[in-house]
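Please open the model in your viewer with the sequence panel beside it, and keep the selection tool at hand. Each stop of this tour says what to select and then what is to be found there.

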Amino acid sequence: MVIRSVIRSIALTVVAVAVAASPAAAQVDFQGQWGAVNHQEAMGRGPGPDLADYTGLPINDEARHTALSYTAAVLGMSERGCMFYTENYLLFAPHNILIERVNDPVTGDILAWRISAGGSDRAPITVWMDGRPHPSPNAPYFFSGFTTGHWEGDRLVARMTHMKRGIMRRNGVPLSDKATMTLHLTRHADILTIMGIIDDPMYLEEKLVLTGSYRLNPRGNAPATNPTCFPFTELPVYDQAGAVPHFLPGTNHDADTFAKQYGLTLEAAYGGAATIYPEFRKRLQTTYQPPASCTRYCCGGGGLNLQASGINCRAR
Amino acid sequence: MGITRVGLVVMAATLVFHDDAFAQVRGRGAGAGQAPQTARATAPIDLTGTWVAVITEDWRWRMVTPARGDYQSIPITAAAQKVGDAWDPAKDEAAGEQCKAYGAPGLMRAPTRLQISWLDDNTLKVESDYGMQTRLLHFGTWKGGGAASWQGDSVARWEGGGRGAGGGTLLVNTSNLRPGYLRKNGVPYSANATMTEYWDLITEPSGEQRILLLIIVTDPQYLQQPWTVPVHFKKEPNNAKWDPAPCNAKF
């Protein structure tokens with residue numbers, strides 16, 4: 001009898017140790033309403049980037065030429081009106097988000113985390129945590145992609161495949177359907193940081209890394225679901241056969257507007273892997289001519305009320 | 001039949017041993033009679049090596065000096081705008097203040113490489129080639145003080161770790177800063193500014209390593225709310241591209 005009790009006790013001990021030693025089902029709780037902290041790229045995330053501003057993007061020539069052929073008029077087509085809303089939009093959108101935990105109703109285990117669209121036309125991201133495999137490369141691709149997650153310490157790592165063709169920046173820099181994205185969700189106190197690493201063999205010379213931070217906001221109201229982009233005809237002329245708005249090579253009249261506005265060379269304005277590293281500054285030192293003073297979009301970001309703050313500055 | 005006394009002893013001993021193992025990984029310190037664990041010995045992540053800032057965000061505000069009066073994205077106060085509007089880099093240089101944009105709050109968003117190494121068992125050294133600055137991150141019971149400086153007094157500790165691969169964060173609090181610029185075009189921070197940093201290490205399946213650094217700058221005089229910005233660095237195989245350059249107030 002005593003021996004049986006000892007064996008049972010040891011067994012209980014082993015179970016207790018195993019529970020304590022193995023990663024918990026949820027090592028960090030990401031649930032809640034998160035307010036976007038737009039303290040970088042406020043213009044790009046809010047009103048939108050300048051035309052032909054590809055700074056900071058390690059894009060290749062193919063992406064650059066595709067971007068220069070882009071005109072926002074293409075969004076008036078019912079066929080292309082939703083092309084902005086692949087899941088990587090999370091990384092350069094200004095919106096708040098809601099993160100929900102999806103539990104298995106029987107076991108209580110975490111089946112998935114769901115990151116809302118934040119009121120945008122993007123679909124919510126479902127991060128499957130139950131070990132299911134990614135679909136075959138030949139399976140259908142969706143705007144919502146397919147995402148699985150795992151824990152690395154206290155960080156949630158989510159890998160997305162099967163995205164549709166989309167954009168990397170809201171001025172038409174393309175993202176191909178060969179792209180994959182890895183999200184790293186890290187929480188420190190009430191700040192959530194999402195770092196995305198995008199790999200696109202079609203349009204990137206090297207991986208694109210983007211980051212954004214969010215502050216826990218108990219009064220937030222980002223919806224769990226909202227209608228994802230619904231295509232419709234904005235201008236009937238664009239839905240006529242053969243009418244795809246675009247610029248032919250060499251005809252984009254805004255190809256150098258941004259560069260001239262900010263005293264940059266076209267090489268700098270057009271991005272590329274070489275331009276995102278410190279040594280590129282040497283190529284700018286003799287050519288860069290900053291504007292005498294800021295004339296547009298000089299303030300803003302972070303939800304400030306400029307007028308109430310006593311700040312007198314061009315916010316547009 | 002309940003758990004026997006022998007079983008309880010086995011369970012207690014196992015849990016004590018187990019907790020001690022966690023404690024060592026998490027750097028809680030040594031048991032009675034043992035020498036205190038050093039920060040280097042208890043580091044849950046290895047940040048040493050050469051790292052390069054990858055400027056994929058705010059390129060126009062980080063890679064080059066933006067125009068006077070460009071405060072976009074920074075939650076400035078009216079007092080900060082007044083100082084920023086009067087920015088004069090030539091005057092800064094003449095006053096020997098050409099490093100005002102190279103203090104810790106500005107430096108960590110700069111286009112720089114970092115060399116990170118252990119100065120001693122409880123001090124992590126962070127050097128930049130941009131402006132040739134050195135930050136010392138002090139663990140343990142170190143107390144700062146003395147004159148304010150560009151890099152201020154930084155107190156560090158490890159957080160987390162020990163519960164799986166990739167865990168652990170370096171938390172750094174910096175104060176006693178000499179007033180400087182958050183941005184090269186004279187967006188100011190005051191002597192009362194403090195900076196909190198969370199350093200996380202990310203290892204990709206390819207083996208590539210990146211630092212995800214969350215920076216939170218608080219300044220009651222010049223910021224309406226804490227300026228909260230993540231930045232990232234990529235590890236380099238060596239320091240072949242290390243290119244020290246002194247502070248430059250204009251470019």
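This is a predicted model: local features need pLDDT of at least 70, side-chain atom pairs count only at pLDDT 80 or more; totals for chains, interfaces and linings use all residues.

Residues are numbered from 1 along each chain as its sequence is written, and chains are lettered from A, and ligands numbered from 1, in the order in which they are written.

Begin by selecting Tyr54(A), Ile76(B), Ile211(B), Leu213(B), Ile215(B), Val217(B) and Phe233(B), which touch the most other members of the largest nonpolar core, a set of 128 residues. Such a core consists of buried Ala, Val, Leu, Ile, Met, Phe, Trp, Tyr and Cys residues joined through C-beta atoms within 7 Å; a residue is buried if 20 or more other C-beta atoms, placed from the backbone, lie within 10 Å of its own, exposed if 12 or fewer, and partly exposed in between. Strand E10 (residues 209-218) of chain B gives the most to this core, with seven residues; strands here are DSSP runs of at least two E residues, and helices runs of at least four H or I residues, numbered from the N terminus.

Now centre on Ile215(B), which, leaving aside neighbours within four places in sequence, is in contact (C-beta atoms, placed from the backbone, within 7 Å) with Met108(B), Met195(B), Glu197(B), Val229(B) and Val231(B).

Next select Thr169(B), in strand E6 (residues 169-175) of chain B, which is buried because 24 other C-beta atoms lie within 10 Å. Not counting residues up to four places away in sequence, Thr169(B) touches His188(A) as well as Glu159(B), Gly160(B), Tyr198(B), Trp199(B) and Asp200(B).

Move on to helix H3 (residues 78-85) of chain B, whose buried residues are Ala80(B), Gln81(B) and Gly84(B). Seen down the axis of H3(B), these fall within an arc of 100°, taken from the directions from the helix axis to the C-beta atoms, so they line one face of the helix. Strand E8 (187-189) of chain B is included in what covers them.

Then select Asp58(B), with phi near 55°, in the loop between strand E1 (49-53) and helix H2 (59-62) of chain B; Asp58(B) is buried, with 23 other C-beta atoms within 10 Å.

Key. Two residues are in contact if their C-beta atoms, placed from the backbone, lie within 7 Å.
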